[in-house]
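Please read the points below with the sequence and the structure open beside you. They are meant as a colleague's notes, to be checked one by one.

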Amino acid sequence: MGERVFTNCTNAGPVSVYVKDGKVTRMRPLVAEEGDFKPWTIEAGGKKYSPPKKFAVAPYVHADRRRLYSDERIRYPMKRVDFDPNGERNPQNRGKSPYQRISWDEALDIVSSEIKRVTEKYGSSAITGLTSSHHNWGIVGYKMGPFARFMNMLGYTPVLDNPDSWEGWHWGATHSYGFYWRLGMPEPYDMLEDALQNAEMIVLWSNDPDTTRGTYTGQDSALWRQWLKEKGVEMVFIDPFHNFTAAVMEGKWIAPRMGTDTAMAMAIAYVWITEDLYDKEYVKDRTIGFEEFKPYVLGETDGLPKTPEWAEQESGVKARVIRALAREWAAKRTVLSGGARGGEGGACRTAFGTEWARMMVLLQAMQGLGKPGRSIWGTTMGAPSDTKTWFPAYADPQGRVATSSVANHLPVNQTKQRLWRLTLPDAVLNPPVSWYGEGFCGQSLEQQFTHFEYPMEGYSEVKLFYRYGGSFMGTMSDTSKWVRMYQSPKLEFVVNQDIWYNSETRMADIILPACSNFERDDVGEWGACGGYTCHASSGCNFRIVVRQQKCIEPLWESKSDYEIFTLLAERLGRKEEFTDGKTEMDWIRAFFDASDLGEHISWEEFDQKGYCIINIDDDYKSTPSLRWFAEGRECDTPDPNNPKRGTIKAKELGTYSGKIEFASESLKSKFPDDEERPVVPRYIESWEGHHSELYKRYSLQLLSPHPRFTFHCHYDKHTDWLDDIPTHRIKKDGYAWWPARLNPADAAARNIQTGDIVRLYNDRGSVLCAAVVTQRVRVGVIHSYASSAKYDPLIPGDADSPDKGGCVNILTPSRMVSRNAPGMTPNSCLIEIEKWEG
Amino acid sequence: MARFSILVDVAKCNGCYNCFLSCRDEYYGNDYPSYSAAQPLNGQFWMQLVEIERGVYPKPKLSYIPKPCMHCENAPCIDAAKDGAVYRRDDGIVMIDPEKSKGQKEIVNACPYRVIYWNEEQEIAQKCTMCAHRLDEGEKMPRCVESCPTGALLFGDLDDPESEVAKLAARLNFEDLKPEFNTGSLVKYAGVPKRFVAGEVVYRDNQGECAAGVRVSLSGGGLNLETKTDVFGDFEFEGLDRNRTYKVLVRADRYQQCEIEFNTPKDVNLGEILLDPQK
């Protein structure tokens, strides 16, 4: 049999998949016909900038073949050997006991009868389920498709996702400038053009776009930053770690002590106010509450002027450097890049991280946010990009098998009870738990004020846990709690459905093997999120919708998630209700028909050719983000979820006042006396930082940003080629260790050398890593990426055992951003480090 | 006649490892008869990325040197091989015959760049082929170059004056990675890091303000360079030789000038240079 080429898409780029004799032999960035590309051109400074006709996918995508055939694939349905649904269940042995292979029939019988049993005994709210994000790509098979549809049909208790990469922006910045419909991120439209044409400086504050890569958009934007560098745009990097973007862009590196970024921001405002270096007209016309903010900065309210000298005491950054930065920022047209999507950034994932994110907005407001070259822009989105052609994406309700109107019937979940992902272990172990906020609060600011209590009156505590696709041991906080949760008898039944063995997989009673998106049919647009991150594919140089063709048969005994849920539904007598009478191909076709893609390509051609590139129109009109607001015009950007757009309030932002709020009206209305997220932002000393009592015992700060060579816990562990990248893992004595980077001064004080196995520890746990002594990390900071996929306790099943896999989130606190802002705070984490002698 | 080359613009490399991973995808487990035998799982890096960290906190630098076979025009591996097991194609690509190289470990040892690998299982020497099997099928470039997001890697025919590589080679100064090896490689580099010195000028009597725009000159090793401190009072000089003595002279109006001598066994951070006011 000859070679066949299929098209598919990953969470970081489209691919051509070469198959011979039923086996994938290689994968390339999708090889498209040259004539399909119509590159855009941006003119700036007498030069023309245009992207090459290719897709710069993320590194790990090149290793997807290895991941597909990984030894860590779940090959067969498995049952824990000491789990007997009709006898002893032995929940205390989850994570300890081995598994035995069982037939699909037996596995499906057990899972379906447990669903029936629990529903009959406790009601459907006793079923809960939880997913990770993007272990696969394609809207039909995505978690918001079959998983959500099945669970809604059962009437389960959903676990609300916390906004886990942009906590401070979500819970803070929204109260300064709205954009709750983007979960706190600014509009991205035409920001590349604006930067090329207008920017003189970019301040990348807690942002490493060459590492986080626009989340799903691969490396297309790496070239944009090369252009900006070549153009001579000055760059400043504020980060305790000399990050990889800083390395390739060069520029100034400023390394504040962790948790003190807000103090630095206050001092910048102080310089601007005292030296008259801010846009007073803009502040007068476009903002409110400055008169409440200014006295705080000047120290009139608390007797503490926020001078650069004061900030130096807190941050360790020289006052003169803060002063020079402030002046340069004001003198030059300066883009603020406060995270991969404009917002995000590790500085917002801290104690009181809301205050930093709010200050990012307010600083830029003082410089005329929205004026040319004065944007908030992550450098990873905002290429010229078509916004007329709608194709559903995973976060669009219309892009989900669970909620799209392409279905004849939509199962609606009647259960009102909710869980909160960050407190799920506490909810199981020590209920009740309560919190404010409906997870992703993209519908209104008020959603952040909704109070939840679990268990909710009239509903059962959860007894059946359906875990799907991935693990949180390496990505949430204080994660040894998850082990304790799994071993609780309160979880009567745990099923884990995944493609690969992950850190939580072997804590289940039954394991179901799913197949990857290379083994089933699907459809998806590269980089597109839809919903709350609408038009995210402007992070790619070209929009491309991919008919994700089934390249090979499902490996071993794996099945598509859709098929697994169909088989379970059948056993529950609800097959038709689940499938809507549709096959996976039927859903794909239905989404195609509902979309605008038919205006570009026929279904038959799309299905066969495998992709469609959507180029911009010849008469493409640029509408730079927030320019309308800065100029007092009606919103002219194509942001479909801006609720004021096209109304009489179209000139307004999404805040209560419609303006940028130095004093937040929304916080004033709900939490007027909250000292931890005050109406006017403040610098508040971290509850786990250099002022803490704990600092006497644990004097190092752990910095655990999003990773460079894995995505969440996907790819790492399942893709051993990555272990040959020393930035990712370091091979020593037959094991691939997770790196922990430390400054030579800290290393010398502890007699640690590069390559040593070290123990990172605090009262919450211990994690073993390989030491990398480097000049690229601030003294007092240990840099070790989050998202190890390998939870590998020395004593399996013992929650207190040291982990040698590198899940540093075992060490991070479970305390929230603040009392009423339930975000995670991995970057407020004190530890100590020592050589591990074994 | 073509002369295929990969030009490496080191300053553009962001260390993403796309080149390494796409290479491994092309060759791991895949035989290309007469071109190359399958790359094994461990120990072979046909496109290796060498990380170079330089300098001293808080002024470090990080560079990556992508390092495939250099496809030398004067290739020691060809000389070391018996039976024509290593040969140069008409387009300049140096190939190892997967059959004939069996047992010839001296091919590996002959390479001064250490980019030929020994396959223990098959007892053959292996390395980058510039994806010759794909070029012969009509592909435009090797996988590593195809996957490079920033243009740090460029492929083409140096003998074709219209090619991008020829134009770039005319514009930037490309050299062999190790000219001292005298092998005349077809893979060439611009911007390979040399030594640098950095420092921060500070006014002793005014430490709350950065000393911007201060004249700094460097001399030594035949160099006479001038710069001014930036808005943060920082300066740096790149392109110094290793193990040489240099002098930096700092001059600011109304301050005593300051001269510092240093050696370059490593990259140097002079740290804070405190200027005293004139008496």
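Predicted model: local features only at pLDDT ≥ 70, side-chain atom pairs only at ≥ 80, totals over all residues.

1. In chain A, the domain assignment gives domain 1 as residues 78-162 together with 398-513, domain 2 as 175-383 together with 623-670, and domain 3 as 693-835. When the centres of domain 1 and domain 2 of chain A are taken over C-alpha atoms, 38 Å separate them. The contact between these two domains involves 6 residues of domain 1 of chain A and 6 residues of domain 2 of chain A, and on the side that belongs to domain 1 of chain A there are 4 nonpolar residues, 2 polar ones and no charged ones.

2. How many residues of chain A are in contact with chain B? There are 33 residues of chain A in contact with 30 residues of chain B. On the chain A side, at least two residues each are supplied by β3 (23-29), α7 (220-230), α8 (244-249), β12 (252-254) and α13 (319-331), and the largest share, 6 residues, comes from α13(A). Sorted by class, this side of chain A has 17 nonpolar, 8 polar and 8 charged residues.

3. Chain B is itself divided into domain 1 (4-190) and domain 2 (195-275), and the C-alpha centres of these domains of chain B lie 38 Å apart. Here 5 residues of domain 1 of chain B are in contact with 4 residues of domain 2 of chain B. On the domain 1 side, the elements giving two or more residues are β2 (48-56) and β3 (59-67) of chain B, with the largest share, 3 residues, coming from β2(B). By class, that side of domain 1 of chain B has 1 nonpolar, 1 polar and 3 charged residues.

4. An open sheet in chain A is formed by 3 strands in the order β21-β22-β23, with antiparallel pairing. Because β21 (522-525) and β23 (611-614) of chain A stand at the edges with a single partner strand each, one side of each is left without a neighbour in the sheet. Neighbouring strands of this sheet are turned by 10° against each other on average, direction ignored. Strand β22 (residues 543-548) of chain A is joined to β23(A) by 4 bridges, and A:V546 stands opposite A:Y611 in β23(A).

5. Is A:V679 buried or exposed? This residue, placed in the loop between α22 (665-670) and β25 (700-703) of chain A, is buried, because 22 other C-beta atoms lie within 10 Å and the cut-off for a buried residue is 20 or more. Leaving aside residues up to four places away in sequence, A:V679 touches A:A663, A:S664, A:L667, A:K668 and A:P672. The C-alpha atoms of A:V679 and A:H175 are separated by 9.1 Å, although these residues are 504 residues apart along the chain.

How values were computed
Residues numbered from 1 in each chain as written. Chains lettered and ligands numbered in written order. Domains from an automatic or database assignment. Contact = placed C-beta atoms within 7 Å. Nonpolar A, V, L, I, M, F, W, Y, C, P; charged D, E, K, R; others polar. Pairing = 2+ DSSP bridges. Axes fitted to C-alpha atoms, helices over the stretch in contact; angles between N-to-C directions. Buried ≥ 20, exposed ≤ 12 C-beta atoms within 10 Å, placed from the backbone.
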